[in-house]
Amino acid sequence: GLVLSEFHGAETWLEVGIQRVLQASRTVMPDGTDLEYSINYNANFVHKVDQLNALYDGPGQQWPEWLQELNKKNDRLIRMYGAIVMPNGAFPSVGNQSYEVVRPRQLLEGWLGRGVSGLADMYSAIHRRPDDPSPPPRFSSIALPFAGYYVQRQGWGASDLYLFMKSSRPGAGHRHADNNGIQMVAFGRHLLVDCAAPPYGPQFLPEDQRVDHMWLGEDGYYGSSFSACTVVVDGCSQKKPPKVQPDRGYVTTIGSRWHSSSRFDLTEGEFADGYRSDKPLTEEKIEELVVGYGHKALGKMIEKNKTLRRDLKEVDARHHRQIMFIKEAGFWIVTDRIEGGSRYTQIWNLPPPHEGENSDNYICPGFSPGQVRFDEDEKWLQTIDPRDANVALRHFIDSPLSYELKFGEKYPFRGWFSFGIGG
């Protein structure tokens with residue numbers, strides 16, 4: 001309507017376009033989060049609004065009221081990115097977001113000129129030069145209660161302790177079963193991770209993994225609770241949250257308790273939608289794989305699929321997680337309460353070793369299986385990497401417990417990690 005203003009229908013086209021843009025923008029919530037829980041995509045909103053801004057940047061032109069409102073949402077979204085960035089410069093893995101560091105820095109740096117309140121302080125704190133005298137932001141931890149993103153931060157230094165928890169309501173896309181999942185960074189190192197972005201399709205995977213792509217995507221392992229640091233019940237993942245089709249994001253907060261002070265932080269999350277065992281592949285999907293790879297190559301997969309189909313079950317259970325961060329001492333107390341079911345498993349995903357450890361864009365040096373130790377009698381698990389920071393998990397319960405180490409297992413998939421969309 002603006003570019004082709006000489007046409008008779010220009011005014012109508014402009015009005016229709018404005019209404020569609022405003023409708024799309026309603027997924028941005030008051031805390032700057034988006035109803036699509038995948039923060040690698042949410043930044044596209046900023047770019048789209050900037051394209052609209054350019055149409056009104058001529059001499060003597062002013063932004064109309066509707067565009068001013070879009071730019072206010074832009075500012076909220078940008079502040080959200082600055083508030084959740086990890087001490088090593090990565091964003092937490094939400095949806096298809098990976099633990100890369102180059103693009104997050106480029107995004108934040110590119111937004112500095114916008115004058116968004118607080119962004120310069122947050123960027124400077126994370127990417128501080130030795131001669132930079134600017135003070136850190138006045139806040140450290142933050143709750144974004146419309147999406148259910150929570151950050152517990154010791155400070156803004158590169159070695160400070162950081163924990164992210166996601167406990168969200170149903171969203172518009174990327175429906176991962178990762179509620180109450182946590183991610184931890186300390187002393188500049190990833191210690192507990194989400195298993196990150198699923199492959200978009202077999203073409204994005206190494207050739208030797210392509211036969212398994214149907215088990216790996218958002219409807220498989222990478223969308224399940226086994227890929228997040230959360231809880232599974234009776235061997236079952238959280239039920240996949242339904243895909244909502246609202247005309248706007250949530251306008252009320254989740255309502256869970258939150259506290260932050262100089263001494264300690266407290267975060268709570270609740271999941272009450274029940275649990276379901278691994279989803280088997282349909283006969284049509286199996287036939288598609290047989291055509292592509294041959295029956296012999298799929299023998300183990302087909303046998304496991306028969307078991308999944310026979311043992312398909314649902315469990316009516318709910319999980320409440322409370323996390324207390326004792327800042328001065330530098331540790332967390334994680335309390336899980338589960339109602340329903342009979343067997344409970346905490347998933348603790350450690351980053352694995354990988355060839356890109358020394359790359360500037362892969363700051364997730366991992367642990368080999370030989371660097372993980374546990375003692376079932378004393379009830380502790382810890383890593384023992386002499387090169388860098390380690391993590392220790394201690395359980396304080398009366399009943400017996402057992403530990404299992406999963407590393408690159410198949411059918412079912414357990415112990416996998418993705419460094420990007422490529423798998």
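Visitor: Which residue in β4 is the bridge partner of Y162?
Guide: Keep in mind that this is a predicted model. Strand β3 (residues 162-166) pairs with β4 in the antiparallel sense, over five bridges. Y162 has its bridge partner in β4, and that partner is V185.

Visitor: Which residue in β5 is the bridge partner of M184?
Guide: β4 also pairs with strand β5 (residues 189-192), in the antiparallel sense and over three bridges. The two strands form a hairpin with two residues between them, and F187 in the turn has a positive phi of about 55 degrees. Look across to β5 from M184 and you'll find its bridge partner, L192.

Visitor: How many residues of strand β4 are buried?
Guide: Let's take the two ways its residues point. G181, Q183 and V185 go one way, I182, M184 and A186 go the other, and all are buried. So β4 (residues 181-186) is largely enclosed by the rest of the structure, and the buried count is six of the six.

Visitor: Are helices α8 and α9 roughly parallel or roughly antiparallel?
Guide: Helix α8 (residues 283-293) and helix α9 (residues 299-310) pack with their axes 12 Å apart, at an angle of about 175 degrees. Angles over 145 count as roughly antiparallel. That's why α8 is, relative to α9, roughly antiparallel.

Visitor: How many residues in the contact of α8 with α9 are nonpolar?
Guide: From α8, E283, I286, L289 and V290 meet M301, I302, N305 and R309 in α9. Sort these contact residues and you get two charged, one polar and, for nonpolar, five.

How values were computed. Residues numbered from 1 in each chain as written. Predicted model: local features only at pLDDT ≥ 70, side-chain atom pairs only at ≥ 80, totals over all residues. Heavy atoms only, no water. Axes fitted to C-alpha atoms, helices over the stretch in contact; angles between N-to-C directions. Helix = DSSP H or I, 4+ residues; strand = E, 2+ residues; numbered from the N terminus. Parallel < 35°, antiparallel > 145°, perpendicular 65-115°, else oblique. Contact = heavy atoms within 4.5 Å. Nonpolar A, V, L, I, M, F, W, Y, C, P; charged D, E, K, R; others polar. Buried < 20%, exposed > 50% of the residue type's maximum accessible area, 1.4 Å probe, protein only. Pairing = 2+ DSSP bridges.
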